[in-house]
Amino acid sequence: MGANLCASPPGVGEDATFEDGIISKNIMLMSDSYKTSHWRQYPPGTSTIYSYFESRGGQFDETCFFGLQFFIKKYLVGQVVTKAKIDAAEKIINGHMGVLDDTKHFNREGWEYILNTHGGKLPVVIKSVPEGTIVPVKNVLFTVENTDPKCFWLTNYLETLLVQVWYPMTVATLSRENKRHTLNYYIKTGCSTAMLNVAYQLNDFGVRGVSSPETAMLGGAAHLVNWGGSDNMPGLGMIIEYYGADLAGFAGMSIPAAEHSTITSWGRDGEAKAFKNMLEQYPKGVLACVSDSYDIFNAVDNLWGKELKQMILDRPGPMGRLVIRPDSGDPVEMVVQVLDLLAKNFPIGTNEKGYKTLPHQVRVIQGDGVSWESIKLIYENMTSDKNKWAAENLVLGSGGALLQKMNRDTQKCAFKCCEAIVDGKARDVFKDPITDKGKASKKGQLKLVKKDGKITTLTQGAGKPEDDLLVEVFKDGVLKRDWSFDEVRKASEEGLPAKIWS
């Protein structure tokens with residue numbers, strides 16, 4: 001008979017009880033299982049492991065670095081190792097890893113050393129590029145190195161947690177490229193690129209479409225690096241708590257908006273009353289109303305365009321505005337169809353570049369089928385010589401395509417060891433697989449510098465320390481640099497066709 005792999009591991013059963021957070025907030029359990037065996041695998045005499053994180057390429061040629069500060073503040077700062085957590089981790093890891101043999105893989109001695117010698121604070125130093133910085137791919141973004149020679153094994157133990165910065169970084173990068181699209185079409189069609197005109201043109205609708213509350217936080221915060229519009233309250237909370245964002249500084253804004261349940265609960269014959277109720281309940285400011293519950297064309301042409309037209313035009317400025325939301329059909333075609341129907345009933349202007357503009361009291365929001373790929377197609381169709389609509393007539397919302405339709409390989413993010421000190425001597429550490437040269441890693445001590453106006457990585461100890469763009473952000477349990485959200489936003493706009501935060 002083979003081993004019973006379904007049996008409870010030693011030490012983990014019905015009699016094993018743990019205090020709240022002992023498992024879920026345990027740094028020893030925030031790694032890949034196999035890493036618990038690595039403390040035995042380094043060469044004898046190893047005293048330092050120095051590793052780095054980069055985007056090796058991917059969908060976009062540059063990345064907007066964001067999110068590391070969240071992981072440092074939440075998981076690394078202060079005492080993170082306690083006896084209770086060591087005991088809990090030992091039971092779980094030795095049970096989890098020791099089912100097929102009696103080897104004890106948990107490095108109890110190492111973790112107890114951190115507790116007793118360092119007060120449970122992690123003896124590592126992290127240096128990173130300032131958050132919000134735009135960095136071409138294939139460059140170092142942060143480095144990690146142990147500060148105690150007895151804890152050489154800790155550097156790459158933290159890889160699993162720290163590499164998760166790939167997610168907010170990738171969302172920030174994608175969101176920024178969406179912003180580039182929008183700015184390009186604003187400029188093409190003669191629209192103002194002032195903050196209030198641009199910041200709320202792409203809104204985060206993605207909370208329900210992501211995998212977890214923390215994912216919503218990280219992705220929502222990353223989107224707000226570039227934009228001011230969001231229905232993602234977890235993301236807003238994150239930038240307030242972890243980056244000191246100020247609501248008065250346009251950190252993230254939303255508006256009253258209808259959903260299908262609040263419209264269809266009036267019944268099909270009551271749709272006009274439901275629409276009128278929206279205008280009456282919110283007589284000032286901006287509101288949005290989903291309008292495709294039954295017949296989007298009738299709703300736009302007859303209900304909004306005729307029956308309720310004067311109520312819309314009477315909304316007081318400067319922000320009194322109805323935003324009409326189609327939520328089905330081909331978004332590339334639907335946006336233009338709705339705009340053309342509005343042009344039948346509302347006074348249309350023409351700007352200096354010859355593009356059509358709705359009166360300020362009415363706009364269209366497309367929140368279905370909106371992605372990096374479709375945004376350009378939507379703008380291209382509405383601004384074409386045939387249709388000639390200015391980009392400012394449209395507001396966008398994006399959900400899963402903004403926060404969920406990506407993975408670590410979207411920007412090919414990786415964390416690799418590049419130097420080790422063994423028997424007191426530094427040695428280059430690298431991989432260079434013949435089957436994929438794109439996975440070749442960097443060697444030696446790294447610096448991120450500007451050379452001839454371009455950001456590049458120097459390897460093998462080259463360069464002057466004073467030229468290094470990497471900043472010490474964490475050391476021995478202490479946060480060393482606290483980036484403000486304003487700093488992040490301003491840095492993120494480098495290289496865009498216009499700036500709204502600077």
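**Exercise 1. Describe the open sheet and find its edge strands.**

Solution. Seven strands make up an open sheet with antiparallel pairing, in the order β14-β13-β1-β5-β3-β17-β18, where strands are DSSP runs of E of at least two residues and helices are runs of H or I of at least four, numbered from the N terminus, and two strands pair if DSSP finds at least two bridges between them. The edge strands, each pairing on one side only, are β14 (425-428) and β18 (478-479). This is a predicted model, in which local features need pLDDT of at least 70 and side-chain atom pairs count only at pLDDT 80 or more, while totals for chains, interfaces and linings use all residues. Residues are numbered from 1 along each chain as its sequence is written, and side-chain values use heavy atoms, leaving out hydrogens and water.

**Exercise 2. Which strands pair with β1, and over how many bridges?**

Solution. On β13, β1 pairs in the antiparallel sense over nine bridges, with T46 opposite V422. With β5, the antiparallel pairing of β1 runs over five bridges, and Y52 has T143 as its bridge partner there. Of the 10 residues of β1, 10 are buried, that is, under 20% relative accessible area with a 1.4 Å probe and protein chains only.

**Exercise 3. At what angle do α8 and α9 pack?**

Solution. Helix α8 (residues 213-224) packs against helix α9 (residues 233-243) at about 75°, with the axes 7 Å apart. Therefore α8 is roughly perpendicular to α9, a term for angles of 65 to 115 degrees. Contact (heavy atoms within 4.5 Å) involves residues including M217 of α8 and Y242 of α9.

Notes. Axes fitted to C-alpha atoms, helices over the stretch in contact; angles between N-to-C directions. Parallel < 35°, antiparallel > 145°, perpendicular 65-115°, else oblique. Buried < 20%, exposed > 50% of the residue type's maximum accessible area, 1.4 Å probe, protein only.
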